[in-house]
Amino acid sequence: MSNHAYESAAALRPHRLEPTALSELAGRFGLAVAPGAGGVERVSVVGVSVDSSDVAAGELFTAIPGFKRHGAEFAAQAVDAGAVAVLTDAAGAEIVLRDRPGTPVLVTEDPRAVVGPLAAEVYRHPSERLTATAVTGTNGKTTTSYFVEAILAAHLGGCMLAGTVELRVGEQHVESPRTTVEAPVLQRLMALALEEGVPAASLEASSQALDLRRMDGTVVEVAGFTNLQRDHLDYHETMERYLEAKAILFTPEHARRAVVCVDDEWGVRLAEKVASDAALQLDRVRAYPGEADTDWFVTDAAVSMTDSATTFVLHGPEGEEIAASCPLPGLVNVQNAALALVMTIRAGVPAATAVEALSQAHNIPGRMQRISQRDGERGLCIVDFAHTPDAMRLTLEAVRAITPGRLIVVFSSDGDRDHGKRPMLGAVAAELADVLVLTDENPRSEDPQTIRDAILEGVRSVRPDLHDVEQVTTWRGDAVKRGVELCGPEDTVIVTGKGHEPFLEIGGEFIRYNDAPVMREAVEAKWGPIASDAAGKGSRA
Ligand SMILES: CC(=O)N[C@H]1[C@@H](OP(=O)(O)OP(=O)(O)OC[C@H]2O[C@@H](n3ccc(=O)[nH]c3=O)[C@H](O)[C@@H]2O)O[C@H](CO)[C@@H](O)[C@@H]1O[C@H](C)C(=O)N[C@@H](C)C(=O)N[C@H](CCC(=O)O)C(=O)O
Ligand SMILES: Nc1ncnc2c1ncn2[C@@H]1O[C@H](COP(=O)(O)OP(=O)(O)OP(=O)(O)O)[C@@H](O)[C@H]1O
């Protein structure tokens with residue numbers, strides 16, 4: 001999704017930052033003054049940016065040669081917005097001085113490599129002054145980061161979040177444009193956290209961000225790894241290179257401790273690599289059933305029909321036996337929960353505090369988010385982000401296990417993307433659910449009926465006899481309402497595909513839409529008001 005539709009994070013800047021002399025930065029990072037540039041001696045900076053649309057007065061604009069354009073083309077715009085100097089490469093310096101002669105310009109060979117550590121310096125190394133954690137892996141980053149946030153906030157009194165769903169510091173939050181923001185933005189958010197008295201940070205680190213050095217300058221107390229599955233190979237090309245990108249986080253430049261789930265071969269390989277680095281302390285975690293041959297392992301995972309939670313016992317290297325309850329259903333969430341527990345215990349949280357906070361952390365936007373809990377009268381109503389056939393299978397299997405009655409799925413598939421997955425999604429839904437309500441996701445330039453027909457083909461391929469298939473062609477919100485209407489006290493209705501996302505893309509337009517409030521409204525219309533803690537504490541969606 002294009003980023004322009006997202007809220008701006010521009011307001012999330014520290015207000016009381018000591019200026020840093022440009023000449024000091026030039027000396028520390030080996031930066032040269034571009035020939036013909038304005039003098040740098042008396043220039044100080046109070047911040048760093050890499051995007052001309054996100055510059056505040058007094059900042060250093062870093063013009064990066066991008067995949068498509070050179071950031072220097074936007075330097076004039078940045079200067080007009082208040083940037084007092086530019087950091088770029090030699091080619092960029094020529095462009096800047098052509099457009100704005102006299103601008104103080106510093107040059108380096110690779111601005112992307114310098115901007116993270118330089119921003120850390122300008123913002124006074126905030127990650128090292130926070131109890132900071134970061135999680136990476138193909139799946140489970142968002143869920144784990146929310147679990148960690150809940151636990152650190154319970155123990156320390158507050159925790160900022162920067163990940164796929166939102167950027168949140170204290171009471172201020174905006175939708176996140178991507179999983180890991182640019183390095184100066186991340187430094188800025190952490191500096192704001194310190195200024196606001198928020199003592200901890202829970203971050204998500206994507207493989208692209210690690211590769212593009214957006215995490216450079218950030219050193220966390222504990223780095224966590226969930227798993228590695230086939231994904232993003234358009235960017236990384238091979239699984240080995242994908243793992244190498246993830247492994248960047250597990251080096252002393254980025255972390256003091258590593259907690260690695262070894263449920264797949266990639267986790268095992270990462271743990272071996274980390275173990276060979278004496279500077280980093282390592283904990284291995286096995287969340288799925290297997291040999292109890294690792295530092296931490298899980299036993300006795302059991303799902304509860306009454307509150308949709310999964311209880312399990314986490315065993316530790318010192319003989320710890322921690323009885324815990326993961327508030328989200330499904331084994332994948334036991335992996336996320338076990339990882340979050342070990343990460344936070346290693347960050348200094350007492351196990352009992354961690355267990356208690358985890359058990360309450362079920363209101364993660366769009367991740368198995370319970371809008372209505374089963375209570376004898378109401379059915380269970382859930383919003384989830386599953387949008388691939390594999391994720392759909394895992395999600396529906398987990399929900400099936402806590403559904404005594406019918407499982408109703410409201411779903412669709414994206415337009416202008418992977419056509420092959422449409423019948424696969426239909427087949428998985430038909431195999432595991434009782435009632436299907438077909439709707440639209442982001443049809444983009446496609447005719448929504450073409451997408452629904454492809455899904456129906458998959459449905460018919462496994463269940464030609466399935467009669468409970470409805471199509472709601474008017475509006476996604478109507479389909480969500482229809483799902484709730486069909487839901488009895490023993491049933492579960494789940495709407496998949498959009499999760500936390502705040503838009504529908506229809507034609508060329510971004511239309512504000514989010515499943516959670518629509519489902520909440522339908523639930524309240526059918527069964528009356530939702531008690532504040534019935535669907536999770538403090539909804540954020
Ligand atoms: C592959 C990749 O990461 N690309 C990022 C890269 O784009 P680019 O090099 O093509 O940038 P460009 O458009 O050539 O512009 C060059 C420079 O000019 C600047 N510029 C550009 C336009 C302007 O008006 N003003 C301005 O200053 C840009 O900030 C940039 O520094 O630099 C841009 C700005 O710095 C990013 O927006 C862009 O992320 C794009 C949007 C993106 O989609 N990235 C994805 C791959 C990504 O990072 N995804 C991961 C995880 C996904 C997952 O887990 O599923 C993530 O962390 O979100
Ligand atoms: N530990 C896990 N292992 C495998 N699948 C998982 C795991 N945790 C979550 N999932 C699946 O992946 C989907 C996305 O989960 P989550 O948002 O936590 O992961 P993520 O890594 O942040 O991905 P994204 O960046 O796409 O949000 C969930 O809907 C669920 O189906």
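Biologist: What makes the pairing of aspartate 51 with ligand 1 a polar contact?

Modeller: A polar side-chain atom of aspartate 51 lies 3.5 Å from a nitrogen atom of ligand 1. A polar contact is a pair of N or O atoms within 3.5 Å; within protein, one atom must be able to donate a hydrogen and the other to accept it, and residues adjacent in sequence count only if both atoms are side-chain atoms. The aspartate 51 pair therefore qualifies. Note that this is a predicted model: local features need pLDDT of at least 70, side-chain atom pairs count only at pLDDT 80 or more, and totals for chains, interfaces and linings use all residues. Residues are numbered from 1 along each chain as its sequence is written, chains are lettered from A and ligands numbered from 1 in the order in which they are written, and side-chain values use heavy atoms, with hydrogens and water left out.

Biologist: Which atoms of valine 50 and arginine 178 meet ligand 1, and at what distances?

Modeller: For valine 50 it is a polar backbone atom, 2.9 Å from an oxygen atom of ligand 1. Arginine 178 uses a polar side-chain atom, 2.7 Å from an oxygen atom of the ligand. Taken alone, ligand 1 exposes 1000 Å², and the protein buries 76% of that. These areas come from the Shrake-Rupley method with a 1.4 Å probe; for residues, only the protein chains shown count as cover.

Biologist: How do you know which residues belong around ligand 1?

Modeller: A residue is near a molecule or strand if one of its heavy atoms lies within 4 Å of it. Around ligand 1 there are 22 residues, and Phe67, Arg69, Arg178, Ser206 and Arg214 come nearest. By class the shell has 6 nonpolar, 9 polar and 7 charged residues. Nonpolar means Ala, Val, Leu, Ile, Met, Phe, Trp, Tyr, Cys and Pro; charged means Asp, Glu, Lys and Arg; the others, Gly among them, are polar.

Biologist: Which domains supply each shell?

Modeller: The bounds come from an automatic or database domain assignment. It gives domain 1 (19–112), domain 2 (124–360) and domain 3 (369–527). The ligand 1 shell draws at least three residues from each of domain 1 and domain 2. For ligand 2, at least three come from each of domain 2 and domain 3. The C-alpha centres of domain 1 and domain 3 lie 48 Å apart.

Biologist: What surrounds ligand 2?

Modeller: 21 residues do, the closest being Gly140, Thr142, Thr143, Gln335 and Arg367. They divide into 5 nonpolar, 12 polar and 4 charged.

Biologist: Why are strand 11 and strand 18 called edge strands?

Modeller: Two strands pair if DSSP finds at least two bridges between them. Strands are DSSP runs (E, at least two residues), as are helices (H or I, at least four), numbered from the N terminus. The open sheet has 11 strands in the order 11-10-9-12-8-13-14-15-16-17-18, with mixed pairing. Strand 11 (172–175) and strand 18 (321–326) each pair on one side only, so they are its edges.

Biologist: How do you know that strand 9 and strand 10 pair?

Modeller: Strand 9 (160–162) and strand 10 (166–169) share 2 bridges, in the antiparallel sense. Leucine 161 stands opposite arginine 168.
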